[in-house]
Amino acid sequence: MTRLRETIDRLKAHFGERLSVADAVRDHHGRDMSRQPAHLPDAVVFAENEDDVQRVVAACHEAGVPVTPFAAGSSMEGHTIPLRGGISLDVSRMNRIVAVNGEDFDAVVEAGVTRKQLNAHLRDMGLFFPIDPGADATLGGMASTRASGTTAVRYGTMRENVLALRVVTPTGKVITTGRRVKKSSSGYDLTKLFVGAEGTLGVITEVTVRLQPIPETIASAVCAFETMRGAVEAVVATIQSGIPVARIEFLDEVAIDAANAHSNLGLRRAPTLFLEFHGSPNWVEEQSRSVAAIAADSGGSDFAWSTLPEDRERLWKARHETIYANQSLRPGCKTYTTDVCVPISRLAEAVLAARADVDQSFLTAKIIGHVGDGNFHVGYLIKPEIPEELAEAERLAGRLYARALEMGGTFSGEHGIGIAKLPYLRREHGEAVDVMNAIKAALDPAGIMNPGKLGQAG
């Protein structure tokens, strides 16, 4: 405790008002969007550049004080909750766009730049950054959690879209993990090591990302189905037909009810697909017609598509806000949300089994998903203060994870591990977890970086 106090005093002398021990500030940095209970840091430091990050990490390494990186706080599994106190290192003020290399289709940004900020900057250049996890997350946080989202079926995840990183290691040194090129066979792929490490191996300060040209035409579409099976089978048939849809999202009846109430969509209460197509006008129309025919064969109807930006924005805003919409179905509740990803050939089986579990339970839940890549989410509506409800949600989630693993899938398609899913890591990776722990021990021998998370799994 003495060394912690000395470290805070030492940092306070340098950072002044940019170090806070105020209860409200600490509370904000002690929780995220997950259902996990808050753990407050002892102090919060607001970094404004890489030198600030180095100074904090070096001081904490010397004293053995925990450091937990923090930015937008939009993680879903407790990633940024400082389980062992120490310093919460907020990089959200590191929000400068360093360079846009339009001819090379890449951009270099500081870790605190958000995806919406970057896309607003790129709009007049005819470019965009395609990864869309829903929340206006920071690029550093998205890299740390290997985020994906609604457009992954067309453009991939952060794993495919991060070219290079600058990282402050747990000893306070700065490394660059890659170059601005499409490929390299030079050395270990350290970029991929830090993408998805959830802040346990270092603090990302700068991200180099791939960009895409803004499509000539973008169309959105909605299609309702008679059954859940029909909707999911239409997704599988679309993907297996090789149609390059940009987004293909599934919402069950519960999610549609919530979206109608929250966003006034006026959709029929039925299992529904939201879709988006990118390309030339003729190509977009051809894709839409092809998917409409596939949907009709699976019981889809009322296939409606539009190229109007306002229609598209309204649709995807409603999709992104489903977590809030869901909670409106039961005032005072929280959404125990989780996700899995399975091979596309097992998607219908996995989704229907998840729905059967919910139907046999006393809990209400919605099922939505980025189903074009086999990834879907179940959100159980619970009041966490009622032990029976929390226990039931955990039981159902456990069944969901076990089934996904049996199908050759993963228990975390995009949410990451954080706190909530750490107990399941060894079930998926077996002895490979020992290798993860060894990497953590080698890079962070003092164990100061986001302790209690990845790299310290049992």
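Predicted model: local features only at pLDDT ≥ 70, side-chain atom pairs only at ≥ 80, totals over all residues.

**A first look at the fold**

Me: How many helices and strands does the protein chain have, and what does its C-alpha trace span?

Reply: The protein chain has 17 helices and 18 strands. Along the principal axes, its C-alpha trace spans about 65 × 55 × 40 Å.

Me: What radius of gyration does the protein chain have, next to that of a compact globule?

Reply: For 458 residues, a compact globule would come out near 23 Å. The protein chain agrees with that, at 22 Å.

Me: How much of the protein chain counts as buried?

Reply: Buried here means under 20% relative accessible area. Out of 458 residues, the share that passes is 57%.

Me: How do H9 and H14 run relative to each other?

Reply: Helix H9 covers residues 228-240 and helix H14 residues 347-359; their axes come within 9 Å and cross at roughly 155°. Angles over 145 degrees count as roughly antiparallel. So H9 and H14 are roughly antiparallel.

Me: Which classes of residue make the contact of H9 with H14?

Reply: H9 brings residues including Met-228, Val-232 and Glu-233, while H14 brings, among them, Leu-347, Val-351 and Arg-355. By class, that contact has no polar residues, three charged and eight nonpolar.

Conventions. Residues numbered from 1 in each chain as written. Heavy atoms only, no water. Axes fitted to C-alpha atoms, helices over the stretch in contact; angles between N-to-C directions. Helix = DSSP H or I, 4+ residues; strand = E, 2+ residues; numbered from the N terminus. Parallel < 35°, antiparallel > 145°, perpendicular 65-115°, else oblique. Contact = heavy atoms within 4.5 Å. Nonpolar A, V, L, I, M, F, W, Y, C, P; charged D, E, K, R; others polar. Rg over C-alpha atoms; globule rule 2.2 N^0.38 Å. Buried < 20%, exposed > 50% of the residue type's maximum accessible area, 1.4 Å probe, protein only.
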